[in-house]
Amino acid sequence: MLQFLGNIEAKADAKGRIFVPATFRKRLQSANEEFLALRKDIFQDCLVLYPGTVWENEIETLRARLNKWNRDQQQIFRQFVLDAERIEMDASGRILIPKRYLQLAGIDTEVRFLGVDDTIEIWAKEKLEKPLVAPEDFSAKLQELME
């Protein structure tokens, strides 16, 4: 099972190309991942990279929970896949992020790659300068969750 861990700074060039951090790249290569799927996160202003096999599992899970004969559920499924794009690393380990995705996430040039379980998030660097959850709230919520 793929699992990513890390908080790594990088820079996007003027065309939107970014080097995938070596630690993440090695994990992807060792798992023989052929492609990545990119979409904006549902809840946060960041981008999510799904290794191909993880993306396919996500689609299967979502499809299994939806009724294809329900109009609203079909629209949810369509929107989920409409907002995604197939991405491939070049020989140098770079990915090209389309401009519309950079704009959706408020990314200029400075980014942070964040390993989050089996996906990789790409954030505008300044959005991760301070905690996403206040430290006292984090400890209380984690305690509540783990009890």
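Modeller: We may begin with I18, which counts as buried because its relative accessibility is 0%; buried means under 20% relative accessible area, exposed over 50%, and partly exposed in between (1.4 Å probe, protein chains only). This is a predicted model, in which local features need pLDDT of at least 70 and side-chain atom pairs count only at pLDDT 80 or more, while totals for chains, interfaces and linings use all residues. Residues are numbered from 1 along each chain as its sequence is written, and side-chain values use heavy atoms, with hydrogens and water left out.

Colleague: Where is I18, and what does I18 touch?

Modeller: I18 is in strand 2 (residues 17-19); helices (H or I, at least four residues) and strands (E, at least two) are DSSP runs numbered from the N terminus. Leaving aside residues up to four places away in sequence, I18 touches A10, K11, A12, G93, R94, I95, I97, V111 and F113, where contact means heavy atoms within 4.5 Å.

Colleague: I95 is in that list. What does I95 touch in turn?

Modeller: With the same exclusion of residues up to four places away, the contacts of I95 include I18, L36, L49, I87 and I122.

Colleague: Which residues have the most contacts inside the largest nonpolar core?

Modeller: They are L47, L49, I95, I97, I107, F113 and I122, in a core of 24 residues. A nonpolar core is a set of buried Ala, Val, Leu, Ile, Met, Phe, Trp, Tyr and Cys residues joined through side-chain atoms within 4.5 Å. Strand 8 gives the most to this core, with three residues. A second, separate core of 11 residues includes A37, V48, V54 and A84.

Colleague: How is strand 7 paired?

Modeller: Strand 7 runs antiparallel to strand 1 (residues 4-11), joined by eight bridges, and pairs in the antiparallel sense with strand 8 (residues 119-124) over six bridges. Two strands pair if DSSP finds at least two bridges between them. A hairpin of one residue links strand 7 to strand 8, and L114 stands opposite E121 in strand 8.

Colleague: Is R112 buried or exposed?

Modeller: R112, in strand 7 (residues 110-117), counts as buried because its relative accessibility is 11%.

Colleague: On backbone angles, what is the phi of D117?

Modeller: D117 has a positive phi of about 60° although it is not a glycine. D117 lies in strand 7, opposite F4, and is partly exposed at 40% relative accessible area.

Colleague: How many residues of helix 5 are buried?

Modeller: The number is zero of 12, so helix 5 lies largely in the open.

Colleague: Where is confidence lowest?

Modeller: Confidence is lowest in helix 5, at a mean of 91, and highest in strand 4, at 98. The mean pLDDT of the protein chain is 95, pLDDT being the predictor's confidence in each residue, from 0 to 100.
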